[in-house]
Amino acid sequence: MVPVIGIRIRSKIRELAETEAEEEALREVLSVVLEYRQNVEKRVQWKRKIRQIIAKYAEADEK
Amino acid sequence: MRIRRISLRNFRPYRSQKLLFYREYGKRDLFVIYGITGKGKSTFLDAIHWALYGMEFQMRGNNTTIFNRARLSEMKEGERDYVEVLIEIESDTGISSIRRRADFIKKEGGAHKIAEEVEFVDENGIKYTDVNAVSAKINGFIPRRVKNFFLMDGENLTRRFFSNSSRALAEEIRDMVQLDVVDDAIVKLRNIKQEKDKEYAEGNESLKKIMSEKIKVEGDLNKAKDELEEISEEIVRLKNEIEELRRELTGIPDVSQLRKKVELLRRRLKEKNALLEDKIQKKREIILKYGPFVLFDADIDEIIEFMNGIEEGEDMPVVTDKSYLTLSLKEGRCVLCGHVLGEEEKKKIERDLEILSKSQEIVDHRSKLLRGADQIRERRNEFLIQIEEINKDIANLRDDISALELEIKEIDRTLDQFNADEIVRKWEKLKRDETRKDQLIADKTRLEAKVEELEKEYEKILEKIEVLAIATEERMKLKREIEFLERLIKLAERLKREVKEDIRREIKKEAERLFKSIVWNPESFDRLEVDEAFGVKVYHKGTNLDMTYELSGGQSKILTMAFAVALHRVIKYDSPIIVDRPITGISGDQLIESMVKMFVEIAESKQVILLLADDELKGEPQARLEEEASSVWIIDNPTGDEAQFVPKVGGMA
């Protein structure tokens, strides 16, 4: 299950983000980091995942 | 989350006690426990603290023991028993429990701990005994680093409380609202950005390199093409000139060649003439070797046959048995000279004959000849073969000479016919042009190969550039990603700052509200501030000076509790607040009433357990508190070692 970032952070991201892509991307990045921190034994490939998120939303943001 | 039940066994004065924290309908989640000082009120807080963290809340000497003294006195030496505190926690998902047990043995009259264990049983009945796992679970209930905001000792709620707690509090707040995750995300995003910056810089170098290669090859190719074009034009020009010259020189011999040829022919003519002379001389020698011939019974045919062996104008001396004759060929006719001998010739013949007659060799030869006509004929035939052969050679030579002379004559005539120098110049130019043209064609072939090679190289570079063009798209994408990353990092940094600021502001607002509702005195206080490190300050209204350190003990306690409650509300902790002696040190009915009001208010949404000294609260505030509380107990402990919870209002023990 993908860990969920708290409502306070999520609301704040929505408030501060200038675009939807920014909002979605940061939320997903935080989820990856949280998952990584919570699964100490089974390391999440955070770098690959964050790179994918950036690629996806940078393009979406451009459009 | 709230405490549902606490069970105590042999923990200090509590031999065997159970408290059920049941929230009565229409009441607050508020529980009050009264106790005379020293009878086990603070020890109750110790018991909860020990169950959670394996140590008591109060600092006591090392020689004290948690083991119940009454039970110890009953035990025999070497007998074992244990101390146990069980806390049942109720939440939306079910009931979990924390149980800590320490085994003791009685030795030399004292209780010696021999073992200790702790376990956590979650809502699903799963039991955890590993210390780290249990700690994690307990931290989910009451976080250890900020436990002082949950388990509060009224005696210690002074201004030093914040200086001891603010750092841990800042960390706790950061973790509770997941700012630690944001921090980590910022580090990771920066790390990825750094890598992407590097990738971008490397791509730039490759582009520069390939473009410089392209410029170089393009330059070489254009140069070779220009050169090729020049050569091609030169070749065409030369071809035209050559064609023109050829047209001009059509039917005109190459005089220099003719000159060379005529010289060669003359040399050959000379050689042939010399050879002819040589042959003629050789023939003479043959004639002299075999002649003069003596012919017997010679008939005219034989004479004619002889005549065939001589040349025009040549004389053949012939001796017969009757006469001496000279045969000669004149204008193709055989002339027998003997018939027309003049005086001189006669004399010559006489001399010859005389010589011949005197010549023993001739005589012998004649005699020999006379001996057999066959031998003579054989010799004659041998002569004729040789003569015939040499005659043939001579005839051939003469034919050759005639042909040569004719050819020379023809060439001489041709040479006389043309303007020799002009023709020579034109022919030479034609030859030069043709040589130059051949050279140019060779150069052209070489250049064409070079152009082909350069074009291939250029094609390859274009392919590379095409790849780079794709790479350029990739680079644009990379650039977009880098820019996006920068924005994301800024967003995360701002998020961190603003969330922290929001929390600080919210805590400030709530703490100020609570503080104001209790102790606010418009004459003295201006405002309450929470700094970035979550330290609390109160400012004087008139001077605007920080008067936090001038607060009385009671005011400090109110401030601390107001802050703790504000923290619980802002961070949304749902665990209980347990306060020992919250009112002690606070004077003034209004303040006490406000305090009670605050506890009643927060107990609406949160479990509050208050441990009060028996004389701590009186009158109306006490009545109000007890009215709102779900249960009120009094600790009954006449001996000091066997405390019991006696219900005062509701509640079960």
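This is a predicted model: local features need pLDDT of at least 70, side-chain atom pairs count only at pLDDT 80 or more; totals for chains, interfaces and linings use all residues.
**Entry 1, the A–B contact.** I started with where the chains touch. Chain A puts 26 residues into the contact and chain B puts in 21. On the chain B side, the elements giving two or more residues are α5 (179–248) and α11. I noted that α11(B) gives the most there, with 12 residues. By type, that side of chain B splits into 13 nonpolar, 7 charged and 1 polar.

Next I looked up the largest nonpolar core, which has 126 residues. Its largest share, 14 residues, comes from helix α11 (residues 420–519) of chain B. Val29(A), Leu30(A), Val32(B), Ala511(B) and Ala562(B) have the most contacts inside this core. I then followed Val29(A): leaving out residues up to four places away in sequence, Val29(A) touches Ile50(A) and Ile53(A), plus Ala185(B) and Leu189(B).

I checked β13 (residues 525–530) against β14 (residues 536–540) and found them antiparallel, joined by 5 bridges. Arg527(B) has Tyr539(B) as its bridge partner in β14(B). There are 5 residues between the strands, and Phe534(B) in this hairpin has a positive phi near 60 degrees.

Last, I went to the loop between β8 (151–153) and α4 (160–176) of chain B, where Asn156(B) lies. Is Asn156(B) buried, exposed or partly exposed? I put it down as partly exposed, because 16 other C-beta atoms lie within 10 Å. I also noted Gly553(B): its C-alpha is 9.5 Å from that of Asn156(B), though the two residues are 397 apart along the chain.

Methods:
Residues are numbered from 1 along each chain as its sequence is written. Chains are lettered from A and ligands numbered from 1 in the order in which they are written. Helices (H or I, at least four residues) and strands (E, at least two) are DSSP runs, numbered from the N terminus. A residue is buried if 20 or more other C-beta atoms lie within 10 Å of its own, exposed if 12 or fewer, and partly exposed in between; C-beta atoms are placed from the backbone. Two strands pair if DSSP finds at least two bridges between them. A nonpolar core is a set of buried Ala, Val, Leu, Ile, Met, Phe, Trp, Tyr and Cys residues joined through C-beta atoms within 7 Å. Two residues are in contact if their C-beta atoms, placed from the backbone, lie within 7 Å. Ala, Val, Leu, Ile, Met, Phe, Trp, Tyr, Cys and Pro count as nonpolar, Asp, Glu, Lys and Arg as charged, and the others, Gly among them, as polar.
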